[in-house]
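Please inspect the sequence and the model before working through them.

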Amino acid sequence: MKNHRITTVFLSSVLLSMPLSACSSNSKPADTNSSPSANNGRTTVTVSVLKKDPFLQEAERLFEEANPNIDIDIRSYVATPEGGGEKRMVMRSPEGDKNSEADLEKYRTGVNAELMSGKGTDLIALENLPYAKYADKKLLANLDDLIQKDSGFRASDYYTGVFNSMKLDGKTFAIPVHFKMNMTLGNAPLLAEKGIAVDDSKWTWKEMLDLGRQAVQSGGNATAVWTGKPKTDLISDIVMSQYGKLVTGKKAAFDAPEFVSLLEQVGDMYDKGQILETADMANAGKDVFKSMSVPMPMQLLFMPQMMYEGKGTIYATPSDGGKKGGITITSDLMFGINEKSKNKAEAWKFLQFLLSENIQSKPGMMGFAVHKASLEKQLRQSVEQLASGRIKLQGPNGATPSGAIDEKQFQSILQLVEKADQYAAGDPNVLKIVKEETQAFFNKSKTAKAAAGLIQNRVTTYLNE
């Protein structure tokens, strides 16, 4: 694999540009389960993804070189641009370039139809799918059986908290190849000035909102608790971070008094201008919190130095109603194996290859590596690249961080990643229902209680279909 020269400029939300070779995409979706044999006696392992990316395509090439008897056939539902030469791949935080809802719906509908008909590919990218429902319907293989038979796979080499967060009833149906950490950056100078202490070890969303409201109401430089936070996006963040409390199996709890009260509190804070849907660069640094999904390890090292007078503090985003003190994660790439696949062993071999240190350490790896040693390499390379000038960082108002990261700071970041043990996501269909019904509340056409009741009824019906 070529060594890619990184020429990077980080802006206020932290933007990474990395030159990568352009690759074409096969937009043809899966239609049938492959047979154990393919041309020339090779076994074909089919893989369903929303989009191909250079990382997966490079992994495919390397795997086939090492395993000439296995052919990997990656099938994407959304075509990526074709072309030659060097292209620039951009990744933004916190939100980045989102996939369109039409593309997501195409993928969900296609994969769902294949699985329900007993077909589908061997490996399936599950990050945009209701994998818990598929597991309940026995459509996904229990990966624990394959893991236990693989003597070369050592769980201790990985962030087991991340793996365990994906389990359903103690069983593994999905494994992330990489992940993002959900963090809250706090305005430490402002909070200290107001005499407000933060204990994020087990705080709830209500407590976080109350602290932010207190800081804003006390006057001074605080513009809002959050800026640039659309209403339904904040509700989605809240629901995803405590999804396990709101949805358990086929039961939902959206009509619980706690959720109704939280919905009312959020609506009231928007009405009073304590949370702003739009962001104004003139108010940069005058909000109390910035909630974000952090996709790049280097951001944990440098982001606090670029915000809030260089004294930003990283807090855990509230989760599970405050009962747990860990950090929530999401994933842009996680795989499961089709229960009806005839090539489970070969499919696991490719998935294990994606999890190997060799692949997890590749420059094209976007996100936090699940392999511990690989993540440490990612972080140390980031420090070296900043010091050498290969990476240039810039925050609001021209703020730039220092590359002088001592070993204590470095180890503190690794310890922070160890706390990542809760999967903050949920069934995309449930989240869609939540957004639709809460929009009616925010538009003043329904009360919080009425909106919560409709969410409860619709979600309960869906879960029991």
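This is a predicted model: local features need pLDDT of at least 70, side-chain atom pairs count only at pLDDT 80 or more; totals for chains, interfaces and linings use all residues.

**Exercise 1.** Determine which side of helix 17 is buried and what the buried residues pack against.

*Solution.* Begin with the length: helix 17 (residues 448-463) has 16 residues, which at 1.5 Å a residue should span 22 Å, and its end C-alpha atoms are 22 Å apart, in agreement. Next, list the buried residues of helix 17: Ala448, Ala451, Ala452, Ile455, Gln456, Val459, Tyr462 and Leu463. These cover an arc of only 140 degrees around the axis, and therefore lie on the same side of helix 17. Finally, the packing partners of the buried residues include helix 3 (131-136), helix 10 (257-271) and helix 16 (428-442).

**Exercise 2.** Classify the ring pair of phenylalanine 63 and phenylalanine 350.

*Solution.* A search of the whole structure finds 17 aromatic pairs. In this one, the ring centres are 5.2 Å apart and the planes stand at 70 degrees; planes over 60 degrees apart count as edge-to-face, so the pair is edge-to-face. Phenylalanine 63 lies in helix 1 and phenylalanine 350 in helix 12, so the pair ties together parts 287 residues apart in sequence.

**Exercise 3.** Over which ring does the charged end of lysine 133 sit?

*Solution.* The charged end of lysine 133 is 3.5 Å from the centre of the ring of tyrosine 462, and sits over that ring. Tyr462 is one of the buried residues of helix 17.

Key: Residues are numbered from 1 along each chain as its sequence is written. Side-chain values use heavy atoms; hydrogens and water are left out. Helices (H or I, at least four residues) and strands (E, at least two) are DSSP runs, numbered from the N terminus. The expected span of a helix is 1.5 Å times one less than its number of residues. Buried means under 20% relative accessible area, exposed over 50%, partly exposed in between (1.4 Å probe, protein chains only). The arc is that of the directions from the helix axis to the C-beta atoms. Contact means heavy atoms within 4.5 Å. Rings of Phe, Tyr and Trp (its six-membered ring) pair if their centres lie within 6.5 Å; planes under 30 degrees apart count as stacked, over 60 as edge-to-face and the rest as tilted. A charge sits over a ring if NZ of Lys or CZ of Arg is within 6 Å of the ring centre and within 35 degrees of the ring normal.
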